[in-house]
Amino acid sequence: MKFLIVFVALFALAVAAPAGEVQIVRSDSDVGPESYNFAVETSDGTAKQEQGQLKNIGTEQEAISVKGSFSYVGDDGQTYTVIYTADENGFQPQGAHLPVAPEA
């Protein structure tokens, strides 16, 4: 009898959940005054992680340097990943699917 009650309750939850709704399956973060990091993953295969660090603290050149990555599953079923740095040199993404400028 207990099995039947549990089965019916789980079935009701499955039917009540909206189809295609994306759920967060992992979320971590640590935020401090001079740095931060976070990671998030969702049920559709999307993931993002990032770390930021304050540089040249207390000077006119104070800036944040960020490194991270994100990935997602494209319409073609392939997982695409971008690894990036963002600092005083701008946003610098890298990924196997991204075009590369010719060398000067």
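**View 1. Val-40 stands opposite Lys-48 in β3.** Welcome to this predicted model; we start inside its sheet. Strand β2 covers residues 35-42, strand β3 covers residues 47-55, and seven bridges join the two in the antiparallel sense.

**View 2. An open sheet is built from six strands.** Follow the strands in the order β1-β2-β3-β4-β5-β6, and you will find antiparallel pairing. At the edges sit β1 (24-31) and β6 (90-94), each of which pairs on one side only. On average, neighbouring strands are turned by 10° against each other, direction ignored. As a reminder, the strands of a sheet pair through backbone hydrogen bonds, either parallel or antiparallel.

**View 3. Tyr-36 and Phe-38 make a stacked aromatic pair.** The structure holds four aromatic pairs, and here is one of them: the ring centres of Tyr-36 and Phe-38 are 6.4 Å apart, with 10° between the planes. The pair counts as stacked because planes under 30 degrees apart fall in that class. Tyr-36 is partly exposed at 21% relative accessibility, and Phe-38 is partly exposed too, at 27%.

**View 4. Tyr-84 and Phe-91 form a tilted pair.** Their ring centres lie 5.5 Å apart and their planes meet at 40°, so this pair is tilted.

**View 5. Three rings come together in one aromatic cluster.**

How values were computed
Residues numbered from 1 in each chain as written. Predicted model: local features only at pLDDT ≥ 70, side-chain atom pairs only at ≥ 80, totals over all residues. Heavy atoms only, no water. Phe/Tyr/Trp six-rings, centres within 6.5 Å; stacked < 30°, edge-to-face > 60°. Buried < 20%, exposed > 50% of the residue type's maximum accessible area, 1.4 Å probe, protein only. Pairing = 2+ DSSP bridges. Helix = DSSP H or I, 4+ residues; strand = E, 2+ residues; numbered from the N terminus. Axes fitted to C-alpha atoms, helices over the stretch in contact; angles between N-to-C directions.
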